[in-house]
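Subject: Structure handover

Hello,

Here is the structure I said I would pass on. Please open it beside this email and follow along.

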Amino acid sequence: MKEEKKRGWVATLEVALALVWLIAMALAGFFFPGFLTFLPVFKIKEIQIYGINNIPPSAISLSVYQVSKNNWLFLDSKRLFAKANELTNNSLKDIKIERKLSLDGARVNIYVQERVPIAYVVHDNTLMMIDEQGELFYNPAIENKLPTIYTFSFDYIKKYHTNLNNLVDSIKNTGFSINEVYVTDRNTIIYISGGRVVLPPLSQISPLFFDRIKRIYNKIGTGKVDILITSENMAVIREGK
């Protein structure tokens with residue numbers, strides 16, 4: 001009987017010690033980050049931002065403070081990248097962090113790579129930009145003259161962005177500028193300075209189409225024409241108005 005009581009007492013003591021340990025760890029986890037913030041060596045005393053052109057520096061510095069709480073120990077590039085893109089409408093392609101430590105705090109260097117748009121994309125009166133990687137974003141500070149793509153789905157454009165990139169490049173290589181592109185699930189209509197090009201949907205466009213477009217414009221020169229290229233890669237050419 002005494003041994004059973006002793007075992008019960010030991011079990012109760014173990015549970016109590018375990019609870020005390022868990023509470024102590026929880027309190028340490030709650031107070032310890034705040035304690036570190038008060039130590040000068042862990043504070044961020046200066047932020048230098050490099051590579052920024054069209055994004056306000058305040059958005060990057062605000063992201064740093066929101067992620068780190070002014071403590072360089074808690075600053076990592078993955079969380080900073082997510083927060084900065086949240087504040088800049090996904091306008092960042094990459095971000096890197098460099099720390100210069102000293103006893104009175106750290107100088108943090110932030111290296112930014114901004115997204116470069118290849119076109120505007122419009123869907124349901126929503127205007128976005130798209131880069132070569134198929135990432136949609138919006139940066140009102142960018143005022144580049146870009147072709148405008150009207151689409152029924154942002155997801156469709158993202159899925160077939162490689163075909164879109166190649167199509168835009170192939171038209172530019174002919175010497176004509178692209179004004180507007182209308183993308184549907186049935187065809188792709190491109191209005192350029194030299195007329196109009198009608199192609200199958202982006203999902204069905206292959207490198208053969210790009211080569212065909214190049215050869216057609218090399219043959220007809222700078223004349224204004226309408227070109228229809230079918231899914232069988234057959235071309236119909238009509239003199240433009």
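Start with strand 4 (residues 117-123): seven of its seven residues are buried, so this strand is largely enclosed by the rest of the structure. Please keep in mind that the model is predicted.

Strand 4 has partners on record here. Strand 5 (residues 126-131) is joined to strand 4 by six bridges, and the two run antiparallel. Within strand 7, threonine 148 stands opposite tyrosine 120.

Next, the chain as a whole. The protein chain contains six helices and twelve strands. It has 241 residues, of which 38% count as buried. If you take the contacts between residues at least 6 apart in sequence, 49% of them join residues at least 24 apart.

Now the nonpolar cores. The largest of them has 32 residues, and Leu167 and Leu199 touch the most other members. Helix 6 (residues 207-220) gives the most to this core, with five residues. A second, separate core has 18 residues, including Ala59, Val64, Val108 and Ile110. To see the surroundings of leucine 199, leave out residues up to four places away in sequence; leucine 199 then touches Leu167, Asn187, Thr188, Ile190, Ile205, Phe209, Ile213 and Ile229.

Glutamate 114 deserves a separate look. This residue is in strand 3 (residues 105-114). Glutamate 114 is buried yet has no salt bridge, and the nearest side chain of opposite charge, that of arginine 115, is 10 Å away. What lies at 2.6 Å from a polar atom of the glutamate 114 side chain? The backbone nitrogen of asparagine 53 does. The backbone nitrogen of asparagine 54 lies 2.9 Å from a polar atom of that side chain. Not counting residues up to four places away in sequence, glutamate 114 touches Gly51, Ile52, Asn53, Asn54, Ile55, Ser91 and Lys93.

Is leucine 101 buried or exposed? Its relative accessible area is 53%, and exposed means over 50%, so leucine 101 counts as exposed. Leucine 101 is in strand 2 (residues 92-102). Leaving aside its neighbours within four places in sequence, leucine 101 is in contact with Trp72 and Ala106. Lysine 45 is 56 residues from leucine 101 along the chain, and their C-alpha atoms are separated by 9.9 Å.

Leucine 87 is in helix 3 (residues 77-87). Because its relative accessibility is 35%, leucine 87 counts as partly exposed. Apart from residues up to four places away in sequence, leucine 87 touches Ala59, Leu62, Ser63 and Gln66.

Regards

Terms used. Residues numbered from 1 in each chain as written. Predicted model: local features only at pLDDT ≥ 70, side-chain atom pairs only at ≥ 80, totals over all residues. Heavy atoms only, no water. Helix = DSSP H or I, 4+ residues; strand = E, 2+ residues; numbered from the N terminus. Buried < 20%, exposed > 50% of the residue type's maximum accessible area, 1.4 Å probe, protein only. Contact = heavy atoms within 4.5 Å. Core = buried A, V, L, I, M, F, W, Y, C linked by side-chain atoms within 4.5 Å. Lys, Arg positive; Asp, Glu negative; His and termini not counted. Salt bridge = Lys/Arg side-chain N within 4 Å of Asp/Glu carboxyl O. Polar contact = N/O pair within 3.5 Å; in protein donor to acceptor, adjacent residues only side chain to side chain. Pairing = 2+ DSSP bridges.
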